[in-house]
Amino acid sequence: MKRLIIFLFTCIALLGCKGSHEDDTALRIQMEVLYGENKELQAVPEGQPVAIVENGVFVGQSNDGVLSFKGIPYAKPPVGELRWHAPQRADSSDVIREAYYFGKSGIQTLSSSVRASYYKQGEDCLTLNVWTASDTIRHRPVMVWIHGGSYGWGGTSDPIFEGHNFVKAHPEVILVTINYRLGLLGFLDLTQMEGGEDYAESGNLGLLDQVAALEWIQRNIAVFGGDASQVTIFGESAGGGSVSLLTVMPRARGLFQRAIVESGSVALSCTREDHKLLIGRLQKATGAQCVNDLMKLSESELMTINEGLNQYNCFPLRDGTILPLDPYAAYASGAAKDVDMLMGTNGDEARFWIKSMGGLDMYKLMLSVWFDNVLMGLDNENRHRVEQFVDNRDDERIWNLSEFMTELMFRGPMLTMADGHSSSGGNTFVYYWSYPSARPLCGACHAVEVSYVLNNPQDTIYTGGNVNLPLAAEVQKMWVNFAVTGNPSTTLHDFPCYDTSTRQCMRLDTTICVEKDLLSEQRRVVSPLVPLYISPLYCNMSLNVPTIWYCAAWVLIPLLLFIVLIVWGISQWRKRKQGA
């Protein structure tokens, strides 16, 4: 019976998502046009910018006062025997190469909301890109962008991450964007398989890639005019989660001085049990009995396997070695107090998934299933508190559930980090983005601020075109001022420090203003749940919940009645036939 219910639910889900990839031709064309292979050159072309770094001579491009260098490798390709191993420093070289094109995206499934998934993919994806002003000023602060994508999607080739406009508007900083391994190749705890003892770091390879990129920046950024002692890392979603984890990660210590976290936190991390579920699915899909069997898989075979498993991808592993077992406790104990931090969330984070789930009906269904799963893991006191939060608000239940998900998955964890960081002596600033997308029902959804921050207002994939240019300019000044000075205040707005007594944050909307203890009631409901690390992962989400049974009943009862009518009709027909 349970299998039948799951089958029916899957059919409903597929129907709900119909059309999400119906017409990807335009996306394919858009991303194929961007792709190219950086070729080896015999000599440096006259008049073109050149960067002589430890692993090669890279020829960039100059456009309107901005120099760009794309697709520079920061580590050896993690292929062959290096698959599922920590990144290794690239070999020294004096070979001259083009740096005109982005490197490959990490292996991932196609997603219309992640355009980098339509770019050329491959295991050899450890590259970075640099944008810097063409003048001769040296010792510029460096801002390093880490892309999001649930640790299973994304890449620097996505047009929303293009750095030209940002550096053109803010030549006082250098912008770097980095690729890292994703999904099965970036976050897979192979220690739970036979032969996995030599792969102790496999659960956090994507983070270790980021560390390797930051180490490369420390050794080479001066060539581009950058100051290695003034590095700010920033990112959104899983990129914000990465920034949050790197800040308390021992191996990343000293590689950056400031951090900006957009809609991410240490909550986007996993236990070994989470990874065990993914390992089980992988073994079932491949028939692999040991790690050696996985190593024999070709890149194309891995890409095919990933198509069925990417939705179950895991997050970084809280292993107690590379990452603390309890990152919140690490913040509270002062592990990050020497790093200046600016962090925040958007007002309607969860509404991002209305479009990606195929519309409001599927969003309602999936959100209800998620909420049922959350309730299953709570004690009676917390369950009552959460049910009161959802049921006793003025809005429709779906929007109450959406608000609760935004609080539990994003804002609550971020505030817990901010509390720990500020209380332990860290310089802390908090923002709340409430300016909405123009997309119907999306509000101030997840990722809506990205094109504002990176000065790509023409990119409307999340904003829907409702771009407030004065807000974009002011937010960029805040981010850049923070990278340069450690304080995001501007000439127009004094940005106060955050602490647990006043809880001041900067509200970013049509009117920019300071708020004290914003949404305090919601914070009090959610804060006791944050230490539970409640996960949004599909891999450990049960379908044996009331919502599914309710939906199944709506499908099965009419079906059973129909069958009963058919049987009754047949029996009546037979009786009439026998009577004749």
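Analyst: The account below covers the cavities and then the confidence of the model. This is a predicted model, in which local features need pLDDT of at least 70 and side-chain atom pairs count only at pLDDT 80 or more, while totals for chains, interfaces and linings use all residues. Residues are numbered from 1 along each chain as its sequence is written, and side-chain values use heavy atoms, without hydrogens and water.

A cavity is a set of points, on a 1 Å grid over the protein atoms alone, where a 1.4 Å probe fits but cannot get out; lining residues have an atom within 4 Å of a point. Volume is the space filled by probe spheres set on the points, which are joined across faces, edges and corners. The count is 4 cavities of 30 Å³ or more.

The largest cavity holds about 80 Å³ of space. Its lining has 13 residues, and R411, L415, V430, C505 and L518 lie nearest the centre. Helix 14 (397–423) and strand 13 (428–433) each supply at least two of the lining residues; helices (H or I, at least four residues) and strands (E, at least two) are DSSP runs numbered from the N terminus. By class, this lining has 8 nonpolar, 1 polar and 4 charged residues.

The second largest cavity holds about 50 Å³. It is lined by A267, Y328, L408, M409, P413, L529, V530, Y533 and I534. Helix 14 gives the most to this lining, with 3 residues. The lining has 9 nonpolar residues, with no polar and no charged ones. Here Ala, Val, Leu, Ile, Met, Phe, Trp, Tyr, Cys and Pro count as nonpolar, Asp, Glu, Lys and Arg as charged, and the others, Gly among them, as polar.

As for confidence, the mean pLDDT (the predictor's confidence in each residue, from 0 to 100) of the protein is 92, and 92% of its residues reach 70 or more.

Terms used. 1 Å grid on protein atoms, 1.4 Å probe; cavity = no way out; pocket = protein on both sides within 12 Å on 5 of 7 lines; lining within 4 Å.
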